[in-house]
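Good morning, and thank you for coming.

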Amino acid sequence: MAENKIPTLKDSSGPIAFQTEIKQLLDILIHSLYTKREIFLRELLSNASDALTQMRFIIQTDHDVLDPSRELEIRIELDHKNGILTISDSGIGMTKEEMQTNLGTIAQSGAKAFLEAAEGDESDLVDVIGRFGVGFYSVFMVAEWVKVTSRSYRIDQEAASWFATGADTFEIGAAEKEDRGTTIEVKLKEDAREFLEESRIREVVKTHSNYLPYPIYLNEGEEQINQQKAIWRENPRSVEDGDYEDFYRQLTLELEPPLEKIHFVADAPLLIYALLYLPAKLDRGLFTLREQDGLKLFARKILIEEYSKDLLPPYFRFVQGVVDAEDLPLNVSRESVQASALMSRIKKILTNQVILKLKEMASKDPDLYGRFWQEFGQFIKEGIAANDEHREDLSALLRFHSTTMPDQWFSLDDYLDHMKPGQEKIYYILGDDERSISRSPHLDYFQTHCVEVLTLTDPVDSFMLLGLREYHEVPLQNVADSDLELPDLEEEGEGEVSQVEEPLEDEVLEKLLATFRDVLGDRVSDVRTTDRLTNSVARLVDAKGALGQEVQRVYRMMDREYQIPKKILEINPAHPIIKRVGLLEDNSDLTSLVIEQIFDSALLLEGQHPDPVSMIPRIQQLIESALDGK
Ligand code: ADP
Ligand code: MG
């Protein structure tokens, strides 16, 4: 019976072993993953589409190819009699060597990543198999055997076939194929015969592959079964929300719907159609949404760049979508002056639209904007660091926590509204996390006067500050600056102000400072007193003329060897601890223990202690002295 005939290959290579991870992958696909088997069709169609896109690029510059004028298309044939589903494309095809490499032997990091992910929850894993770069193998969920016959677009190459049953090996042999492209015959398993039904195929194509940029035909038919509708060219009012989401899903393979979409037509200075999406999540690591950042660039519906990075500034690289420019010459080399002038005009329009949408979200739907900020705020900060023409707009989009409102996101405009009469600056503090910041000695004055201080704990904040020195002409001011001029404000804080004691006599104080300098040696650039502190014992500040704290942090991030310049230790002469240590008898062991600990504590508060655990022995000594004293 024809039905069970297994193909044999001419000039077969004999069995070639699949690479180990692929064997394991096949094993899982065949034996344990039965959900959503239909996605095999999406994966094969997406490979066909990729091969067609590559072909389209090649034809633009090279006419010396096989079948240069053949339509770029995909065909699906359903052979009921033999139980075989066939998918053919007129894409770039593969040579014998390419088949061997692409379908089975070369180390596949994607297979490994997929296996690792499969160890966890595997329920929806098949749905995202394409993201691991191993989509092709999903065909073995439905196939008894698969035969791939392909002919490369390169004129001097011959056709070849690849065959496998999903066992540990595959084989490669010679083939007869006159035209360019790839044909994949899938002998369906008994329980996968549903994929021989036209209606089922139409349904699957509509769900998963409706917007592939090439026509898909069924069974010799002339009618396209995918919509291939350029929805970005439709009037936004006529597109349904569901269509937007479908298109997004197919564009990105993202499971979660987008946070927002931006769909517009602009006709000056040139006609462009754009459909952009703000994703719901900043995708990380394993599940990268597309291979690269960038927008799909079309010129009159013809895809000319898959990942165009020239259409938005780098800090908007999380934006996904499609741009279709009417007047972009198809064959223009991207380096040409004309092209780059056009591109920069498009970029300006798109950037403004994204900013507009974000502002609109921020004002109309703060919760939605909050979700955006949580995921993508770092990109806005990066944009400010980039210091381009949009800095003002981006600054308005920033959201902060502060010492007075640690659990709420608010804007710089809100901050300006909260300012005290007489306050002329926007104060901020840099640190590693909000909890340690809240204990910072630099905040003493601000806490006792209830002045709001922005708490900046994101590593990218230091970069941002390099580009953000003022907002609506109100300067930003780091509260850790030693020469900071404090506004003259009334005290109203409820923080426990240390009982005001008489400061030490000058003479005693001078002697104490000398002892501090002695003990700390060249670990500090100086020791001096300050009147800035109320509840805190001491703090570290930068010496005059030192690089700003922001710049130091940036340096430290870029170069781990970077040594933070030595700081000045400022002590609070009115603090009981300082007073008492000043009154200890000369050269007491306790004096140097206390000084060391004051210094270490100050380092810790600055987030600069290299080894906090090393303080333990000293703390024990201090405990012992305290106990002895009792
Ligand atoms: P991915 O598509 O992510 O690269 P797949 O497992 O789906 O991973 O496909 C593996 C490779 O096989 C592709 O990268 C491509 O080189 C090759 N391939 C698969 N299908 C085709 C096709 N129809 N035409 C040309 N090459 C193909
Ligand atoms: Mg693929």
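Does aspartate 67 count as buried, partly exposed or exposed? At 24% relative accessibility, aspartate 67 counts as partly exposed, where buried means under 20% relative accessible area, exposed over 50%, and partly exposed in between, with a 1.4 Å probe and protein chains only.

A word on conventions. This is a predicted model, in which local features need pLDDT of at least 70 and side-chain atom pairs count only at pLDDT 80 or more, while totals for chains, interfaces and linings use all residues. Residues are numbered from 1 along each chain as its sequence is written, chains are lettered from A and ligands numbered from 1 in the order in which they are written, and side-chain values use heavy atoms, with hydrogens and water left out.

To return to aspartate 67: its phi is positive, about 50 degrees, although the residue is not a glycine. Aspartate 67 sits in the loop between H2 and strand E2 (74-79); helices (H or I, at least four residues) and strands (E, at least two) are DSSP runs, numbered from the N terminus. Glutamate 473, also not a glycine, has a positive phi near 65 degrees. Its place is the loop between strand E17 (470-471) and strand E18 (474-478), and at 70% relative accessibility glutamate 473 counts as exposed.

Let us turn to ligand 1. The residues around it include Asn47, Asp89, Asn102 and Phe136, a residue being near when one of its heavy atoms lies within 4 Å. An oxygen atom of the ligand is 2.8 Å from a side-chain N or O atom of asparagine 47. For the side chain of asparagine 102, the corresponding distance is 3.0 Å. With phenylalanine 136, a backbone N or O atom lies 3.0 Å from a ligand oxygen. Taken alone, ligand 1 exposes 530 Å², of which the protein buries 78%, by the Shrake-Rupley method with a 1.4 Å probe. Helix H2 (39-61) and helix H3 (96-105) each give two or more residues to the shell, and H2 supplies the largest share, three residues.

Terms used:
Polar contact = N/O pair within 3.5 Å; in protein donor to acceptor, adjacent residues only side chain to side chain.
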